[in-house]
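Please walk me through the fold of this protein, from its sheets and helices to one of its pockets. Plain paragraphs will do.

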Amino acid sequence: MTEKMTALLATLARTTTFDEAATATLRAMLATADEALRTSPFAARGKLLRAMAHLRPADGYRQLTVVEHAPEPSDEEEPESAPEPEAAPSYLPSATAWRWVAEHRCAVSIDVQLRQVKPHAQNVGALVQKGIAGEPFNSKESRQRLLGRQATHVHALPLRMPGGSIDGMISLEANCRPAMGRDFIWLACTERLQLLADLAAPYLAALPLGPVAASAADEFLPVIGPTMASTVEMLRVFAQQEETILLSGPTGAGKSRLARWCKEQSRRKGGAFESLDLVTVPEDLQMAELFGWKRGAFTGALRDNSGYVARAQGGTLFIDEVDKLSMRAQAGLLHLLEERSYRPLGEGAGERRADVRFLVGTNTDLHRKVQEGRFREDLYYRINVLPIKVPPLDARADEIPLWAAYMLERRHRETCPDGTSRLDPEAHRALVQHRWPGNLRQLDNIVRRAYTLALLSHGAAPREVLLHAEHVERALDYEASGAPRSPTELLQEAAQSFVLAASQREGGLDLDLGDAFKGFVLGAAIVELGSREDAFRLFGRGALVESRNHYKTLKRELEKVEALYRALGQEGRFPFRALLDG
């Protein structure tokens, strides 16, 4: 064993990328497991299949390297060339294995046929006393995937870093049906395998991922810079699976766009795509919005509502800001993900089947919320199978000019469909040098504002628009101080925007559409406070709440907001649909 570790250490010292180091480590671990197999009772019937290195630190999945097992030939056999790692990863981890490895910091083996999980730890006795020495392997998707690639036994080991974190795992897969219900070979070689994993872990975490081929942009993801290339390629692989993808990252970084892009890369590209932003849904309506309701199921349910899951049937559902779910709704989502079934509120006995691919988004640290008792641990591990961290725009400076050009072209096309637009080099420089705490959403606002300022000098929208640095800098000046602006200042700016929108449309806009302000205020207050009643009381309308007339008033005001979005051709961006339907 000392010789094997010395040889691996010498190889790791020469590697320059994660994939090189992972391949060397996996081959050494497969050789160690093969030695244990040859001296076991299963030597004649067992077969090691492959090993995988999963690098997934706290900020999301980064890399997956696969090495297929090629046993050393006997003296009579011609040696075969060493297998190359798969160019495109197609093997996904077991959520159950990762949960055990991450939570208990020990190796774990899975008997896929019997659906049994067994830990391999020095403190296994303590785990038994706590009643958590094992758990059923109930993930239908993982089990079918493993059996589909002939894996009857899986062994997963943590990648333990010197600082104490678990930044991934290494898994080995084998086929041996006669070993069903028995220990197979893992007990005999776990200690040696873990030593190799511990030796390699610092290299795997520190080495760069290596060059990534440039990804082709498309209408759903029009900009892919070098910084995002590896993330997009990993996401492309994940998109083709059925497991839940967790997209984490700051607000406005593009999670919703990536979710829709994933749908278009998946086998469900021809199906529906539904996006539920939980920020806009009060806690008491979360279950109803997800699963739908029957008329009369609760106060205010004046008609049937199919719900997001039903509308996404056969397609994809993106649930954004999942951290906003109440504990009750978290339990409902967990049941939906595990059983693929649900029941609309107010419906009788029986459940409906959910043929839906789930994508989940968050801008917070879900693991910290688990530790604080504000997010269910079992749900966290259920949605954290394929985590992808979307970096903020400030960390993707190479994309800023490209996104700005795309946003400018899109905005100009709304006014002049056959026109052209561009930014001069100084405008590019001004954008790149600015900080973007609001990410892509803030950049879009600045580009639109700069575009409006450019139009003011023309009096009408020209066919060709060129944004100069002065337009960008004036647009940025509105945010330069960072000090809160008064409602009157913001209303004045909104009025100017309304006038500009009216001037760019044949026949203008109906002035009555300006009455939508009350609806915007009420909608924003309900989202902020989580309660219709509290929102009305905040603005001195408690009497409406007492007489139960606030529902009618809210509906009337939100319909004005919806009418404004419709008049501007932005129906799909109406933010208060859940409140209006409820």
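Which strands does helix 2 lie across, and at about what angle does helix 2 run to strand 1? Helix 2 (residues 18-38) lies across strand 1, strand 2, strand 5 (153-160) and strand 6, and helix 2 runs at about 145 degrees to strand 1. Helices (H or I, at least four residues) and strands (E, at least two) are DSSP runs numbered from the N terminus. Contact means heavy atoms within 4.5 Å. Axes are lines fitted to C-alpha atoms, for helices over the stretch in contact, and angles run from 0 to 180 degrees between N-to-C directions.

The model is predicted: local features need pLDDT of at least 70, side-chain atom pairs count only at pLDDT 80 or more, and totals for chains, interfaces and linings use all residues. Residues are numbered from 1 along each chain as its sequence is written, and side-chain values use heavy atoms, with hydrogens and water left out.

The strands under discussion belong to an open sheet of 6 strands in the order 2-1-6-5-3-4, with antiparallel pairing. Two strands pair if DSSP finds at least two bridges between them. Strand 2 (63-68) and strand 4 (116-120) are the edge strands, each pairing on one side only. On average, neighbouring strands of this sheet are turned by 20 degrees against each other, direction ignored. Strand 1 (residues 47-55) pairs with strand 6 in the antiparallel sense over 8 bridges, and A51 has L172 in strand 6 as its bridge partner.

Helix 2 also packs with helix 6 (residues 186-206), at an angle of about 175 degrees and with the axes 10 Å apart. Because angles over 145 degrees count as roughly antiparallel, helix 2 is roughly antiparallel to helix 6. Among the contact residues are F18, A21 and M29 of helix 2 and L193, L196 and L204 of helix 6. By class, this contact has 13 nonpolar, 2 polar and 2 charged residues. Ala, Val, Leu, Ile, Met, Phe, Trp, Tyr, Cys and Pro count as nonpolar, Asp, Glu, Lys and Arg as charged, and the others, Gly among them, as polar.

A further open sheet has 5 strands in the order 8-9-12-7-13, and its pairing is parallel. Its edge strands are strand 8 (273-277) and strand 13, each of which pairs on one side only. The twist averages 20 degrees from one strand to the next. Strand 8 and strand 9 (residues 316-320) pair in the parallel sense over 5 bridges, and D277 stands opposite D320 in strand 9. Helix 7 (residues 226-239) packs on this sheet and touches strand 7, strand 12 (357-362) and strand 13. Helix 8 (residues 255-265) packs on the sheet too, touching strand 7, strand 8, strand 9 and strand 12, and its direction makes about 165 degrees with that of strand 9.

The second largest pocket has a volume of about 670 Å³. A pocket is an open set of points on a 1 Å grid over the protein atoms alone, where a 1.4 Å probe fits, with protein on both sides within 12 Å along at least five of seven lines; lining residues have an atom within 4 Å of a point. Of its 29 lining residues, A58, D365, H367, Y380 and N384 are the closest to its centre. The largest share of the lining, 4 residues, comes from helix 12.

Notes. Points joined across faces, edges and corners; volume = space filled by probe spheres on them. Parallel < 35°, antiparallel > 145°, perpendicular 65-115°, else oblique.
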